[in-house]
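Hi,

Here is the structure I promised to pass on.

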Amino acid sequence: MVITYSSSPTTPTTIFDIGNYSTKLLNIEPQSYINSPFPPPPPKPLLISTPLQGGNFPVILFLHGYLLYNYFYSQLIQHISSHGFIVVAPQLYLVEGADTTKEIKSTAEITNWLPEGLHHYLPSQVEPNLKKLALAGHSRGGKAAFGLALGKVANVTTNLYFSALIGIDPVDGLDKGIQTTPPVLTYIPQSFNLDMAVLVIGSGLGEVKRNPLFPACAPNGVNHRDFYNECCRPVCYVVAKDYGHVDMLDDETKGVRGKATYCLCKNGKSREPMRRFVGGIVVAFLEDYLKGNSSDLMAIKDGYVTLPVELQDVDFRV
């Protein structure tokens, strides 16, 4: 089953605005194709944001956070897609325990499906460029992305090469020493052996408890700062000061899980600024490391562009 939604472009002033490409959201349910060998169904349900105009576009595989729905990121992935990228966001699970091994395995399976399957579900004028492939994830999805890239699960490999890795407020567990399986952080500086560029985005409020009854959503000791410390060059690191762990989600997230995103984590005043910032810096990073255009990323680094948020930390080791 394919459900399509359309967004129209506005006149962009920066990468933090919607880009020049109109976009479409495609909802691919594997069970709709289970009795048909062609086109090959994906291993997991997919939400795909694609440009509508014809062209050859880089691909980003985007992994959702813990117990979140992939469609909670619809506005974010459409922002990225409107700048000339195809974003593939699987629904890795609906209910899952602490172990992320299955998610890492599923992400590898989806990656290996892309060459034979993805183009069948895209508009005929749109061609995915799998030689320019990025892996991204939010929260626990960030952990899974790093886990796959670092080979943390034995005998799990991909047939494609990732050129870039993005962790959006990645979390490796409940606290230092309480990492979930498989542990990703080693607490050895610059120990990640990654043959790709890395972007780590943090939230300033992610390590702050919303109330005494609940732990912080991105606790100190297993969060963005620790992931950044273990990355080697080239790596870009930014932290949005007054925004929380889920502030890049859609403005409205419905249902029990959607409502929980408003009350479990310490949040900023609104989601739009953080979502625009995350979308924009992801675009700038990918423009540099997938397309060879570093102007927007360097403008952020050097403070030559007005940002939707105030930054708490900025460090580029390139």
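Glutamate 287 sits in helix α6, which spans residues 272–289; helices here are DSSP runs of H or I with at least four residues, numbered from the N terminus. The residue is buried, at 14% relative accessible area (buried means under 20%, with a 1.4 Å probe and protein chains only). Leaving out residues up to four places away in sequence, Glutamate 287 touches His83, Phe85, Gly292 and Asn293, where contact means heavy atoms within 4.5 Å.

Bear in mind that this is a predicted model: local features need pLDDT of at least 70, side-chain atom pairs count only at pLDDT 80 or more, and totals for chains, interfaces and linings use all residues. Numbering runs from 1 along each chain as its sequence is written, and side-chain values use heavy atoms, without hydrogens and water.

Helix α6 also packs against α1 (residues 74–81), at an angle of about 35 degrees and with the axes 9 Å apart. Those axes are lines fitted to C-alpha atoms over the stretch in contact, and angles run from 0 to 180 degrees between N-to-C directions. From α1, Gln75, Leu76, His79 and Ile80 take part, meeting α6 residues including Arg275, Arg276 and Val283.

On to the cores (sets of buried Ala, Val, Leu, Ile, Met, Phe, Trp, Tyr and Cys residues joined through side-chain atoms within 4.5 Å). The largest nonpolar core has 49 residues, and Ile48 and Phe146 have the most contacts inside it. Helix α2 (residues 101–117) contributes the most to this core, with five residues. A second, separate core has 46 residues, among them Tyr73 and Val283.

Cheers

Key. Helix = DSSP H or I, 4+ residues; strand = E, 2+ residues; numbered from the N terminus. Buried < 20%, exposed > 50% of the residue type's maximum accessible area, 1.4 Å probe, protein only.
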